[in-house]
Amino acid sequence: MPFPVTTQGSQTQQLQKHYGITSPISLAAPKEFDCMLTQKLIETLKPYGVFEEEEELQRRILILGKLNNLVKEWIREISESKNLPQSVIENVGGKIFTFGSYRLGVHTKGADIDALCVAPRHVERSDFFTSFYEKLKQQEEVKDLRAVEEAFVPVIKLCFDGIEIDILFARLALQTIPEDLDLRDDSLLKNLDIRCIRSLNGCRVTDEILHLVPNIDNFRLTLRAIKLWAKRHNIYSNILGFLGGVSWAMLVARTCQLYPNAIASTLVHKFFLVFSKWEWPNPVLLKQPEECNLNLPVWDPRVNPSDRYHLMPIITPAYPQQNSTYNVSVSTRMVMVEEFKQGLAITDEILLSKAEWSKLFEAPNFFQKYKHYIVLLASAPTEKQRLEWVGLVESKIRILVGNLEKNEFITLAHVNPQSFPAPKENPDKEEYRTMWVIGLVFKKTENSENLSVDLTYDIQSFTDTVYRQAINSKMFEMDMKIAARHVKRKQLHQLLPNHVLQKKKKHSTEGIRLTALNDSSLDLSMDSDNSTSVPSPTSAMKTSPLNSSGSSQGSSPAPAVTAASVTNTQASEVTVPQINSSESSGGTSNESIPQTATQPAISPPPKPTISRIVPSAYLLNPSPRSSGNVATKMPSPVAAVKRTCSPHKEESPKKIKIEEQDEISEDTSCIDLNEHEKMETKEQIETELNVNSQTETLQTTSLQAPQKTPSTDLSDIPALPANPIPVIKNSIKLRLNR
């Protein structure tokens, strides 16, 4: 496959056009050394499978052609059934458009295709999910066909001749669909329902991006490199609070606008230069926002107070303009900015011939980076239920990260986007399990003694939210479980396969156990996990606070929720990893990075002190007395807001405390300290585990209710239905002693 490297001569005409909302930083043309580095970059990328063979590309084109013919045939049949004139039927049209990585031209081997079915006004959405679904079912090339009609963006998923395809539907207010239809035309949005507008948005944004870059070939090669780098460094996941494909594409497009003549090797370096120095939360814009007077909600912090809380806004160029990164949290932004700085340091070395491109794509060892981790396990009784359950749990992990960030003793919560499988808990029982790992950094405590770090409600409010969503969407089934647990770095080898830990050590196979309710051991298989996310509205709704009351009334069985199962842990001083990155290379770092001049600079919201009193233990015997919690409601997402000190002993008079025994092995009671740390500090963590749990009933609580409720401010799920379910809660507290 040829990879064109565009040089100055072929760009002369393009320079006459101005790209972006600011003038370029540099118009410098590529030099011979830059062309050589770009060829080396291409050779480095090839083994990673980022380029598709011509044969496979032609196969995709053939499949999309077949799908397009099916759409035209189906729309003609619908038109005939609705007795349209023959002259209209002959020209009624209908078309499949593509968007996402395939439309951008940066899809990898085996990647799926995002497609949009555009139909005229007389074809209903219900027709798409009935008659077109049945038509697809009859095709022998179609496998794994399923419809997700109630999703935030309704979709039909299928595998067509080995290629996975997601098909959205949009019905335009047109009598016929012409072949040369340009979806960028804003007038097409008139009189459309919101689901059609959402479905059209992907194609409109993708097409706008391609029209807003100076050179598409250079843009594509740069984007391939940046996407591979982001995936290798575990920061590629919109749903978990990092950036998704369209966000990375917009950042690369902005870099191309600022350096319109540069080729890929230079653009990759400039990408890291620009965004390691970007003054977030100033927004990244590819074009000046336009108002179309269609009264659709657009991103504008001057008008919408909630937009002022977005931490890393990257604004889509097509109307209605939206922030593609509303899931980004304090922790995920911190992780990404550090990675930008490290990427700049590495590309500085590459430009100085001190390193090769392969260094940029070396995967860091996430499991050696932190001393503390939260391991989250989701399990379901069947594979079909596991796909739905894992998708739901994954879509809400960002809520758990947000809860952990608000704990005043936690500096950073870094979730690894990769999930891992686990075998059946009981060989005689069908069960499918998936795990995620979240790295934690605790703040250093100075001049303080007996500080309690309480993770119970951080985790519990997350599990409550997931169960509410599952119940309200009628997805919940018995034996769908969530278990969460705090572990240390030295114990990860007992939970994860060696090939993901990289740094292999010989350890005892005994010790740690990840438990749901029956304390059965968990081992991980070596298989990879390809979990599928179920689309869900993650920003459209807010939830009311959730109250925990006394014992369950009624006989409905309880879904097992292990809020946090604790291992005996040890103390250490934990700090955010420092990455030494060079800020300059041959004077390039002195370039002024233009921020968005046409949008007001968004200052982070004020940092109020939020007091939340939580009980640290549950009673041995269930009682109808409500737990004493204080609910505090704040805008979401919350930037840089920390919860004050965790509860002290007097707040939990009936707590049952288990003292650590001297004979507990270092493997299960100590943080991994190096010799220097052991000499410098004798800090230790004393774990209080409240082993007695009580069955409580989750029930709907109004905002005006007199009883105190735990905070669920990051939740976006409506309140529980009238029929409550009992949930078993366990408590975890870490006590830091100086």
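Q: In which strand is Asp-114 found?
A: In this predicted model, strands are DSSP runs of E with at least two residues and helices are runs of H or I with at least four, both numbered from the N terminus. The run over residues 113–119 holds Asp-114, and its name is strand 2.

Q: What is the average pLDDT of the protein?
A: Because the model is predicted, local features need pLDDT of at least 70 and side-chain atom pairs count only at pLDDT 80 or more, while totals for chains, interfaces and linings use all residues. Residues are numbered from 1 along each chain as its sequence is written, and side-chain values use heavy atoms, with hydrogens and water left out. The pLDDT is the predictor's confidence in each residue, on a scale from 0 to 100. Here 64% of the residues score at least 70, and the protein's average is 73.

Q: How many contacts beyond near neighbours in sequence does the stretch 504–589 have in the model?
A: A contact means heavy atoms within 4.5 Å. Residues 1–16, where pLDDT stays under 50, have 31 contacts beyond four places in sequence. Over residues 504–589 the pLDDT is below 50 too, and the count of contacts beyond near neighbours there is 286.

Q: What is the largest C-alpha distance among Asp-112, Asp-114 and Asp-166?
A: UniProt, in an unreviewed entry, places the feature "binding site" at these three residues. They are spread over 55 residues of sequence, yet they cluster in space, with a largest C-alpha distance of 7.6 Å. UniProt positions follow the numbering used here, feature names are shortened, and annotations may be inferred rather than shown by experiment.

Q: Is Asp-166 buried or exposed?
A: Asp-166 lies in strand 5, residues 163–171. Leaving out residues up to four places away in sequence, Asp-166 touches Asp-112, Ile-113, Asp-114, Ala-115, Val-155, Ile-156 and Lys-157. Buried means under 20% relative accessible area, exposed over 50%, and partly exposed in between (1.4 Å probe, protein chains only). With a relative accessible area of 17%, Asp-166 is buried.

Q: Is Thr-108 buried, partly exposed or exposed?
A: A UniProt "binding site" annotation from an unreviewed entry includes Thr-108 along with Phe-99, Lys-227 and others. Thr-108 sits in the loop between helix 5 (100–104) and strand 2, and among its contacts beyond four places in sequence are Gly-49 and Arg-60. Its relative accessible area is 24%, so Thr-108 is partly exposed.

Q: How far apart are the ring centres of Trp-229 and Phe-272?
A: Rings of Phe, Tyr and Trp (its six-membered ring) pair if their centres lie within 6.5 Å; planes under 30 degrees apart count as stacked, over 60 as edge-to-face and the rest as tilted. A search of the whole structure finds 25 aromatic pairs. Trp-229 and Phe-272 form an edge-to-face pair with 75° between the planes and a centre-to-centre distance of 4.8 Å.

Q: How many residues apart in sequence are the parts that the pair of Trp-229 and Phe-272 ties together?
A: Both Trp-229 and Phe-272 are buried. Trp-229 lies in helix 8 (residues 216–232) and Phe-272 in helix 10, so the pair ties together parts whose separation in residues is 43.

Q: Is the pair of Trp-248 and Phe-271 stacked, edge-to-face or tilted?
A: Trp-248 is in helix 9 (residues 245–258) and Phe-271 in helix 10, so this pair joins parts 23 residues apart in sequence. Trp-248 is buried at 0% relative accessible area, and Phe-271 is buried at 0% as well. The ring centres are 6.3 Å apart with planes at 45°, so the pair is tilted.

Q: The charged end of which residue sits over the ring of Phe-152?
A: A charge sits over a ring if NZ of Lys or CZ of Arg is within 6 Å of the ring centre and within 35 degrees of the ring normal. Lys-231 does this over Tyr-236, 4.9 Å from the ring centre. Over Phe-152, at 3.8 Å from the ring centre, sits the charged end of Arg-198.

Q: What is the C-alpha distance between Pro-320 and Cys-292?
A: Pro-320 lies in the loop between helix 10 (264–276) and helix 11 (330–351), and its relative accessibility of 9% is why Pro-320 counts as buried. Beyond four places in sequence, its contacts include Leu-189, Ile-197 and Val-298. Pro-320 and Cys-292 are 28 residues apart in sequence, and their C-alpha distance is 8.5 Å.
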